[in-house]
Amino acid sequence: MAEKPSVLIIGGLGYIGRFLALHIHQNKLASEVRIVDKVLPQLAWLPPDFEEACAGPKFVQADASREQSLPRIFDRADGKQWDYVFNCGGETRYSQEDEVYKLRSLNLSLNVGREAAKRGVKCFVELSTGMVYKPDSAPSKENDKLKPWSKIAVFKLQAEEELAKIDGLNLAVVRLPHVYGPYASQWVATALCMARVYKALESEMKWLWTKDLRTNTAHIHDVVRALWAVAGWYVGGGKDKWDAKAMGSAAPVFNVVDKGITTQGVMADIIGQVFGIETGFQGQLISTFAKLNLDSVVDDVNDELLGPWADLLAEASITRPGPLTPFMERELLKDTDLSMDGSRLEEVVGFAYEKPKISKDLVEEVIESYKKMNWWP
């Protein structure tokens, strides 16, 4: 048995970073792990099951977008270099100014990428998003046309392109859909919080656009397994077998997306079952109006939901509601398909999904995790 790899996770307290650390910890996959984040564990809404994997001596507080932090992030006591570096860092909030993404996503990626190249890291895995693809009727494959449709995606694509130019960087890129699972705080969480308010108001939850709008998903359990599998494949000879011409990119790129072809209709059905509420779609007229007046529509929805959500929290005596909110981000309400083809990962890396599609049970598991943390009214 060869020595297990040493692992550095940047943005290690973010949603994907913490689950990756937990996966490595529970399965004893690494000889040494370091978690780097600019936020302290005490302030990161870290559930107790992550304490051992993410906090204590494994944790280093540092801002990876600043060059002066790099020695603290990369230097090891034994003078050796890290084998795997996973960049799970970057700005994950929507609707921020360009400068924010430039500094916290693009600069961060390039900083740690250059350092990883300089130090001869065996595999550097950059996390990106499926929102970089130009939406098409068929699910996007890794070498399909790119046309990023969220600000996060604009800067993530720039990072991908710039990293690929760094001499000596052993780069692999993973593009993700909406990631959900226990303690999730973004897209799925927003929909669940909205549904909780509609249940309290005893009114129908109506969605914009159509039931066919694709909103592809992947469960966090499979996402972190895939990240680990890609790094292992790369170092185990995958890099040498990579045919850049046939694959359409110099560095290996993989979509990680479940096989469920999740759409708004699928989500509406599941949410209807979980909450026992009516769900439906607004119809052509309102959707057309919304397209032309998206800002005011988003504002109206948020005005309608935030007050009742606060009331629900107050009634449940929840004073620290955690990262959950029904606040709808304009960028997430676009009439744009997030639709990806994940077959390359299965064919090239030999990966198999253990949670191949989103289901009522998996969504109920998410809500149970919120209840456990006393986040859920």
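Q: What is the volume of the second largest pocket?
A: The model is predicted. In it, the volume of the second largest pocket comes to about 540 Å³.

Q: Which element gives the largest share of the lining of the second largest pocket?
A: The elements giving two or more residues to this lining are α6 (187–201), β8 (205–207), α10 (284–292) and α11. The lining has 30 residues, and Met194, Trp207, Leu208, Met328 and Leu333 lie nearest the centre of the pocket. The largest share, 5 residues, is from α6.

Q: How many residues of the lining of the second largest pocket are nonpolar?
A: The pocket is lined by 30 residues. By class, 6 of them are polar and 5 charged, and the nonpolar residues number 19.

Q: How many charged residues are in the lining of the largest cavity?
A: Searching the whole structure gives 1 cavity of 30 Å³ or more, and the volume of the largest cavity is about 30 Å³. Its lining consists of Gly130, Tyr133, Pro135, Ser140, Trp149, Asp337 and Ser339. By class there are 3 nonpolar and 3 polar residues, and the charged count is 1.

Q: Where is Asp337 found?
A: Asp337 is one of the residues lining the largest cavity. Beyond its neighbours within four places in sequence, Asp337 contacts Pro135, Trp149, Asp212, Leu213 and Arg214. Asp337 and Lys134 are 203 residues apart in sequence, with 9.0 Å between their C-alpha atoms. The position of Asp337 is in the loop between α11 (294–315) and α12 (343–349).

Q: Why is Asp337 classed as partly exposed?
A: Buried would require a relative accessible area under 20%, and exposed one over 50%. Asp337 is therefore partly exposed, because its relative accessible area is 21%.

Q: Which elements are among those covering the buried residues of α5?
A: Helix α5 spans residues 151–164 and reaches 20 Å from first to last C-alpha, close to the 20 Å expected. Its buried residues are Ile152, Ala153, Phe155, Lys156, Leu157, Ala159, Glu160 and Leu163. In an α-helix, residues three or four places apart point the same way, because there are 3.6 residues a turn. The cover over the buried residues of α5 includes α4 (98–118), β5 (123–129) and β6 (171–176).

Q: How many Å apart are the end C-alpha atoms of residues 7–234?
A: An unreviewed UniProt entry annotates residues 7–234 as "domain: NAD-dependent epimerase/dehydratase". This span is 38% helix and 17% strand, and its end C-alpha atoms are separated by 14 Å.

Technical notes. Residues are numbered from 1 along each chain as its sequence is written. This is a predicted model: local features need pLDDT of at least 70, side-chain atom pairs count only at pLDDT 80 or more; totals for chains, interfaces and linings use all residues. Side-chain values use heavy atoms; hydrogens and water are left out. UniProt positions are given in the numbering used here, feature names are shortened, and annotations may be inferred rather than shown by experiment. Helices (H or I, at least four residues) and strands (E, at least two) are DSSP runs, numbered from the N terminus. On a 1 Å grid over the protein atoms alone, a cavity is a set of points where a 1.4 Å probe fits but cannot get out, and a pocket is an open set with protein on both sides within 12 Å along at least five of seven lines; lining residues have an atom within 4 Å of a point. Grid points are joined across faces, edges and corners, and a volume is the space filled by probe spheres set on the points. Ala, Val, Leu, Ile, Met, Phe, Trp, Tyr, Cys and Pro count as nonpolar, Asp, Glu, Lys and Arg as charged, and the others, Gly among them, as polar. The expected span of a helix is 1.5 Å times one less than its number of residues. Buried means under 20% relative accessible area, exposed over 50%, partly exposed in between (1.4 Å probe, protein chains only). Contact means heavy atoms within 4.5 Å.
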